[in-house]
Every structure is written in structure tokens, then in C-alpha cells.
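Welcome! The report below walks through it piece by piece.

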Amino acid sequence: MSFLKILYYPDSRLRLIAEPVNEVNKKIQTIAQNMIDTMYKEEGIGLAATQVNIQLQIIVVNVIKEKKNNLVLINPKIIEQSGSISIEEGCLSIPEYHASIPRSNYIKVQAINLYGEKIEIEAKSIVSICIQHEIDHLKGRLFIDYLSKFKQERIQKKFKKLKKRNKKILN
């Protein structure tokens, strides 16, 4: 069991665009397992590799929080979507902030699994939301980007203050 360090907003590395995985090998499988371990430790329901400073297109999701239900999607791509849904979303990289974000209620995703096989999955409701949220991370996009400019500026100021305060505490 190995835990990875989560990047926190406004870290600029959260804005990097992830590279596709060319081959699923032991290294990629280990990264995915470490991401799952980190997601559970941080009590999240999803995690993108970019959130732990790994610039590869890998996401892990588990909204049920039963270890046998982990979903690992490599190079995920939404190929179909419909309907609309909105819930209060949060993010491990933006702690203690939640906002209602419009998402597609249904999605169909093409990806590669941990065995290197091409797969297609369909997701609805909270699973759909979580996958869309994590795919956004792979594109350098955060859920707060969907908010008004005014709200984004307020959040940015708040987290810059927190970052300064935490540096003073740590020094």
C-alpha cells in the first residue's frame, strides 16, 4: 500500500493536460493501485492521475466504497452523453469547497482497463458525474471552472490566503 501526495488548488500542475498511456504494464498497474489506495485514504470517490502529479490519462472511481468495485479507466473518452443532472460536487484538490455543477446524467465512455483491453462502459447519476469530473482533471480543468468569474476569483483569493497561512505555520 502506497499513498501519493495530492496537489492542492491553486497549484499550477493541476492545469497540465495529461498524456495518453501508450502501454498498460506493471508500472501503470502500480500507479493505478497507488491511486486507489490514496483515494480511500483521503475518503474520495474518484481521483485523476494529474491530482497526484502524474501526467497520464488514468482515473479511478468508486462511489460505492467497496474495494471490489474500483473502476480504473485509462485514456478515457466520453463518446456519448445525454440528460442533465447537478449535485454539490467537491474535490480532493479543493478541500472544503462544494458547488452545484451541471453535468450529463448519462455517459458512455471508451477506455482501456488494467489488462490493456479496450472497454466501453455506461454510467448514470453519481457515477456519471464522478467520471466526468475526473476526465476534466485530465484536461487541466477543475470543477470551479464552471462557476462564474466572480465566484472563481473569491475561491482563488481564499485559497491563496490559506496557502500563505499554512506556509507561516509550517515555517
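In what order do the five strands of the open sheet lie? They follow the order E1-E2-E3-E6-E7, with antiparallel pairing. Please keep in mind that this is a predicted model.

## The chain as a whole

Three helices and seven strands make up the secondary structure of the chain. Starting at the N terminus, the elements run α-β-β-β-β-β-β-β-α-α.

The C-alpha trace spans about 45 × 40 × 30 Å along its principal axes. A compact globule with 171 residues would have a radius of gyration near 16 Å, and the chain agrees with this because its own value is 16 Å. Of the 171 residues, 44% count as buried. The chain exposes about 9900 Å², and carbon and sulfur atoms supply 50% of that area. If you look at contacts between residues at least 6 apart in sequence, 64% of them join residues at least 24 apart.

## The sheet and its helices

Now back to the sheet, whose order is E1-E2-E3-E6-E7. Its edge strands are E1 (46–48) and E7 (118–124), each of which pairs on one side only. From one strand to the next, the twist averages 40°.

You can follow the pairing across the sheet in this table.

| Strand pair | Sense | Bridges |
|---|---|---|
| E1 and E2 | antiparallel | three |
| E2 and E3 | antiparallel | four |
| E3 and E6 | antiparallel | six |

Ala48 stands opposite Ile59 in E2, and Val61 stands opposite Leu71 in E3. For Ile78, the bridge partner is Val109 in E6.

Which strands does H1 touch as it packs on the sheet? H1 touches E1, E2 and E3, and its direction makes about 40° with that of E2. Helix H2 (residues 125–138) packs on the sheet too, touching E1, E2, E3, strand E6 (106–112) and E7. The direction of H2 makes about 155° with that of E2.

In soluble globular proteins, nonpolar side chains tend to be buried together. Here the largest nonpolar core has 18 residues, and Met35, Leu47, Ile58, Val60 and Val72 touch the most other members. Helix H1 (26–41), strand E2 (58–61) and strand E3 (71–82) are the elements that give two or more residues to this core. Which of the elements gives the most? H1 does, with seven residues.

Leaving aside neighbours within four places in sequence, Val72 is in contact with Ala32, Ile36, Ile58, Ile59, Val60, Ile112, Asn113 and Leu114.

## Loops worth a visit

Gly140 is found in the loop between H2 and helix H3 (149–170). Is Gly140 buried or exposed? Gly140 has a relative accessible area of 10%, so this residue counts as buried, the cut-off being under 20%. Beyond its neighbours within four places in sequence, Gly140 is in contact with Leu14, Arg15, Leu16 and Asp145. The C-alpha atoms of Gly140 and Val61 are separated by 18 Å, and these two residues lie 79 residues apart along the chain.

The loop between H1 and E1 holds Ile45. At 30% relative accessibility, Ile45 counts as partly exposed. Along the chain, Ile45 and Cys130 are 85 residues apart, while their C-alpha atoms are separated by 7.4 Å.

## Backbone details

Glu43 also has its place in the loop between H1 and E1. Although Glu43 is not a glycine, its phi is positive, at about 60°. Glu43 is exposed because its relative accessible area is 63%, and the cut-off for exposed is over 50%.

Glu96, found in strand E5 (residues 94–103), has a positive phi as well, near 65°, and is a residue other than glycine. With a relative accessible area of 74%, Glu96 is exposed.

Finally, where is the cis peptide bond? This bond joins Tyr9 and Pro10, with omega at about 15°. Pro10 lies in the segment before H1.

Key:
Residues are numbered from 1 along each chain as its sequence is written. This is a predicted model: local features need pLDDT of at least 70, side-chain atom pairs count only at pLDDT 80 or more; totals for chains, interfaces and linings use all residues. Side-chain values use heavy atoms; hydrogens and water are left out. A nonpolar core is a set of buried Ala, Val, Leu, Ile, Met, Phe, Trp, Tyr and Cys residues joined through side-chain atoms within 4.5 Å. Buried means under 20% relative accessible area, exposed over 50%, partly exposed in between (1.4 Å probe, protein chains only). Contact means heavy atoms within 4.5 Å. Two strands pair if DSSP finds at least two bridges between them. Axes are lines fitted to C-alpha atoms, for helices over the stretch in contact, and angles run from 0 to 180 degrees between N-to-C directions. The radius of gyration is taken over C-alpha atoms; the globule rule is 2.2 Å times the number of residues to the power 0.38. Accessible areas come from the Shrake-Rupley method with a 1.4 Å probe; for residues, only the protein chains shown count as cover.
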